[in-house]
Amino acid sequence: MTQAHLDTFGRPIVVVTGIGIVTSLGQGKEDNWRRLTAGESGIHTITRFPIEGMRTTIAGTVDFLFDGRVAAPDLSEKLATLAAEEAIAESGIGSHGDFPGPLFAAVPPVELEWPERQQLAEAVGRYPIVYHDLLGAAASGKFRPWHERFLFGSVADRLADRFGTRGQPISLSTACASGATAIQLGVEAIRRGETDVALSLGTDGSVHPEALIRFSLLSALTTANDNPEGAARPFAKNRDGFVMAEGAAALVLESYEHAVARGAKILGVLEGCGEMADNFHRTRSSPDGRPIIGCMTNAFADAGVTPDDVDYINAHGTSTPENDRMEYVGMKAVFGDEKLAQTPISSNKSMIGHTLTAAGAIEAAVSLLTIANGRIPPTINYNIPDPAIPLDVVPNVARDAQVRRVISNSFGFGGQNVCLVLAGEPA
């Protein structure tokens, strides 16, 4: 390996050679990029299941892949499959069913959903039902496929079989940072010399009644049901909660040396990954912002760059009152008032909603597309600025700009934070 293939710390440079995306805006990165930069929203009234009596009745669901309801693991696997197929095809690596590296998959937590539970109850055949009865129905063997489907690792296991990835696939869940964590694990594996190639992805198809109700009980979701496309309002004064959403993104990661040797087109560089845990609260951020500040600082240190080297910030930007404020507090401390005022920042969640487990991967993919196309997607629905959060959020309309380096923020419930520094092709 020559010096040209190493970063300033003597580690293999990690590049991206394939990108795949699926969101409520559509399938494929071209369609998603076109609609993101046009300021279109994929958020709509839920039609997949009954919504009567719910406080929130909108989401960024992906409804164009199946005619009817499917369980979350099935939809999550389908979304991941489409994203991975697109990324691998673009990279031109390996052969069909023979991917020459490991899989790092961010997948949502899984559990039996209400339709499956009802079928278990009906198998008991009498009421009232106690827990022991449900165990007996489950032990009958009739529902064995559910046991296999609702195992946490089932999505990644099936993806590994389909794409022929190497070794045991890694399934991970670090809340809203999960997609970024999957990328971080791929970067670190290549840097350690364990592999020259990795497939990192995040997927989430878990909008179902129980998940919606749980987030509602946390008062985390918007209730602006009458105007779905205008409901996600990151950094605006009238923001009132996030919108649940679904989607997936996959990146093919390679060492720079490996990519150059096979003549691959390089789509960008993963320069640095930072993380810092926040053990303050299960859902709230530490009021002093230290974990967010530390996470961003760690990412810059890992990349060997400074905030002055950043041209654009892809925000976590969930549209919840507290999260957006804390992200601003953290960025202000890291960038300083003058640099932050000059740095455009936008939230993809204003258009696609919060894709939870997939968000970090989708936003990393969009960050790379921003660099490649020299165009910054807007933060839509920014009509009432919040004077307490004075930011250039690229309001409502995309902006042409030379973007060489991006930091993409992912701050998860439970204090699981990851920031990625991404750049264009090495000189």
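**Figure 1. Glu 210 counts as buried, at 13% relative accessibility.** Buried means under 20% relative accessible area, exposed means over 50%, and partly exposed lies in between (1.4 Å probe, protein chains only). The model shown is predicted: local features need pLDDT of at least 70, side-chain atom pairs count only at pLDDT 80 or more, and totals for chains, interfaces and linings use all residues. Residues are numbered from 1 along each chain as its sequence is written, and side-chain values use heavy atoms, with hydrogens and water left out. The side chain of Glu 210 meets that of Arg 117 in a salt bridge, with N and O 3.3 Å apart. A salt bridge is a side-chain nitrogen of Lys or Arg within 4 Å of a carboxyl oxygen of Asp or Glu. This pair links distant parts of the chain, since Arg 117 is in helix α3 (residues 114-124) and Glu 210 in helix α8, 93 residues apart. Helices (H or I, at least four residues) and strands (E, at least two) are DSSP runs, numbered from the N terminus. Arg 117 is partly exposed, with a relative accessible area of 31%.

**Figure 2. Arg 405 and Glu 271 form a salt bridge with an N to O distance of 2.6 Å.** Arg 405 belongs to strand β14 (residues 405-412) and Glu 271 to strand β9, so the pair links distant parts of the chain, 134 residues apart. Both Arg 405 and Glu 271 are buried.

Figure 3. Arg 11 and Asp 7 are both buried. The whole structure holds 31 salt bridges according to the search.

**Figure 4. Phe 215 and Phe 242 are an aromatic pair, one of three found in a search of the whole structure.** A pair of aromatic rings is described by the distance of the centres and the angle of the planes. Rings of Phe, Tyr and Trp (its six-membered ring) pair if their centres lie within 6.5 Å; planes under 30 degrees apart count as stacked, over 60 as edge-to-face and the rest as tilted. The centres of Phe 215 and Phe 242 are 5.2 Å apart and the planes stand at 75 degrees, so this pair is edge-to-face. Because Phe 215 lies in helix α8 (residues 209-217) and Phe 242 in the loop between α8 and β8 (247-255), the pair ties together parts that are 27 residues apart in sequence. Phe 215 is buried at a relative accessible area of 17%, and Phe 242 is buried at 3%.

**Figure 5. Phe 300 and Phe 335 form an edge-to-face pair.** Their ring centres are 5.9 Å apart and their planes meet at 80 degrees. Phe 300 is in helix α10 (residues 290-303) and Phe 335 in helix α11 (residues 321-335), so the pair ties together parts 35 residues apart in sequence. Phe 300 counts as buried at 3% relative accessibility, and Phe 335 counts as buried at 7%.

**Figure 6. Trp 114, Ile 213 and Leu 217 form a nonpolar patch on the surface.** Together they have about 320 Å² of accessible area. Patches are made of residues with over 30% relative accessible area and no salt bridge; like charges are joined within 9 Å, and nonpolar side chains (Val, Leu, Ile, Met, Phe, Trp, Tyr) within 5 Å. Accessible areas come from the Shrake-Rupley method with a 1.4 Å probe, and for residues only the protein chains shown count as cover. Leu 217 lies in helix α8 and counts as exposed, at 68% relative accessibility.

**Figure 7. Strand β1 (residues 14-23) is mostly covered, with ten of its ten residues buried.** Two strands pair if DSSP finds at least two bridges between them. β1 pairs with β8 in the antiparallel sense over nine bridges, and Gly 20 has Ala 250 in β8 as its bridge partner. β1 also pairs in the antiparallel sense with strand β9 (residues 268-277), over three bridges. With strand β2 (residues 26-27) the antiparallel pairing of β1 has two bridges, and a hairpin of two residues joins β1 to β2. Ile 19, in strand β1, counts as buried at 2% relative accessibility. Contact means heavy atoms within 4.5 Å; leaving out residues up to four places away in sequence, Ile 19 touches several residues, including Lys 29, Glu 86 and Leu 368.
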